[in-house]
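Here is a short note on the fold, written for someone who will look at the coordinates directly.

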Amino acid sequence: MDSKPVAIFRHYPTEGPGYFATFLERRRIPWSLVRLDAGEAVPADPGDFAGLVFMGGPMSVNDDLPWIAAVLDLIRRAVAGNVPVLGHCLGGQLMSKALGGAVTRNPVKEIGWGAIRVTDAPVAREWLGDICLFDGFHWHGETFSVPAGAIRILESMHCPNQAFAMGPHLGMQCHVEMTEELVRSWCESGAREIAASAGPAVQGADAIQDNLERRVAALNSVADRIYSRWIRGLK
């Protein structure tokens with residue numbers, strides 16, 4: 001692995017890299033933050049980076065925002081050039097749309113903790129090892145389709161497409177990057193959305209933060225599996 005950094009794209013101030021940054025730093029893998037939310041330009045060449053990582057955000061990939069077309073093009077060129085791409089929630093939706101999939105409204109909104117099942121696909125074992133079921137974190141109202149050539153590896157009761165893999169690339173609908181600090185800040189900044197989003201897959205802030213240390217630690221161990229597989233493909 002050379003000294004090229006992993007580029008992490010932030011689309012909204014409160015949705016930073018979280019545990020993913022901790023994971024990289026523990027392994028002395030350099031990374032740089034591209035603050036799209038602050039107006040920074042989308043890089044022109046994916047080959048300038050070891051890999052591309054896209055975080056979440058409250059916007060839709062179908063919104064008319066100035067950076068979306070450039071990001072979709074960057075993802076397509078990264079995949080064509082075999083530069084690994086990783087997407088979290090909005091990031092996974094951007095990957096799906098860039099690769100020919102569609103992003104549409106999910107039947108229900110998912111906010112809070114919820115069981116995620118690992119599919120029986122052999123490629124799912126490559127990414128998750130012996131993990132069959134885990135408690136994932138969710139905060140989304142839309143869902144992506146699995147693009148042609150990709151394989152679904154995660155699913156949940158209320159959102160069948162929770163993750164797809166395609167070679168070294170992984171797009172997730174769920175959030176595996178959560179830290180205790182991120183969960184608390186989202187509960188605070190998203191209090192109004194929680195209150196307006198009653199449904200079978202929406203939890204209140206108190207329920208979300210119950211047993212938080214244990215839940216986040218368990219999620220970090222799942223993230224370790226996923227991220228360890230992803231960095232194997234870094235240029």
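1. The expected span of a helix is 1.5 Å times one less than its number of residues. This is a predicted model. In it, helix α2 (residues 68-80) has 13 residues. From first C-alpha to last, α2 reaches 18 Å, close to the 18 Å expected.

2. Which residues of α2 are buried? They are I68, V71, L72, L74, I75, A78 and V79. Seen down the axis of α2, these buried residues fall within an arc of 160°, so they line one face of the helix. On the other side, A69 and A80 are exposed.

3. The cover over the buried residues of α2 comes from several elements. Strands β1 (6-10), β3 (51-54) and β4 (85-88) are among them. Helix α3 (90-98) and strands β8 (163-166) and β9 (169-172) also contribute. α2 lies across β1, β3, β4, β8 and β9, and runs at about 140° to β3. Just after α2, N82 takes a positive phi of about 65°.

4. The sheet is open and has nine strands, with mixed pairing. Its order is β2-β1-β3-β4-β9-β8-β7-β5-β6. The edge strands are β2 (31-35) and β6 (133-144), each pairing on one side only. Neighbouring strands are turned by 20° against each other on average, direction ignored.

5. β5 (residues 103-118) runs antiparallel to β6, and eleven bridges join the two. T104 stands opposite T143 in β6.

6. Helix α1 (residues 19-26) lies across β1, β2, β3 and β4. α1 runs at about 165° to β1.

Notes: Residues are numbered from 1 along each chain as its sequence is written. This is a predicted model: local features need pLDDT of at least 70, side-chain atom pairs count only at pLDDT 80 or more; totals for chains, interfaces and linings use all residues. Side-chain values use heavy atoms; hydrogens and water are left out. Helices (H or I, at least four residues) and strands (E, at least two) are DSSP runs, numbered from the N terminus. Buried means under 20% relative accessible area, exposed over 50%, partly exposed in between (1.4 Å probe, protein chains only). The arc is that of the directions from the helix axis to the C-beta atoms. Contact means heavy atoms within 4.5 Å. Two strands pair if DSSP finds at least two bridges between them. Axes are lines fitted to C-alpha atoms, for helices over the stretch in contact, and angles run from 0 to 180 degrees between N-to-C directions.
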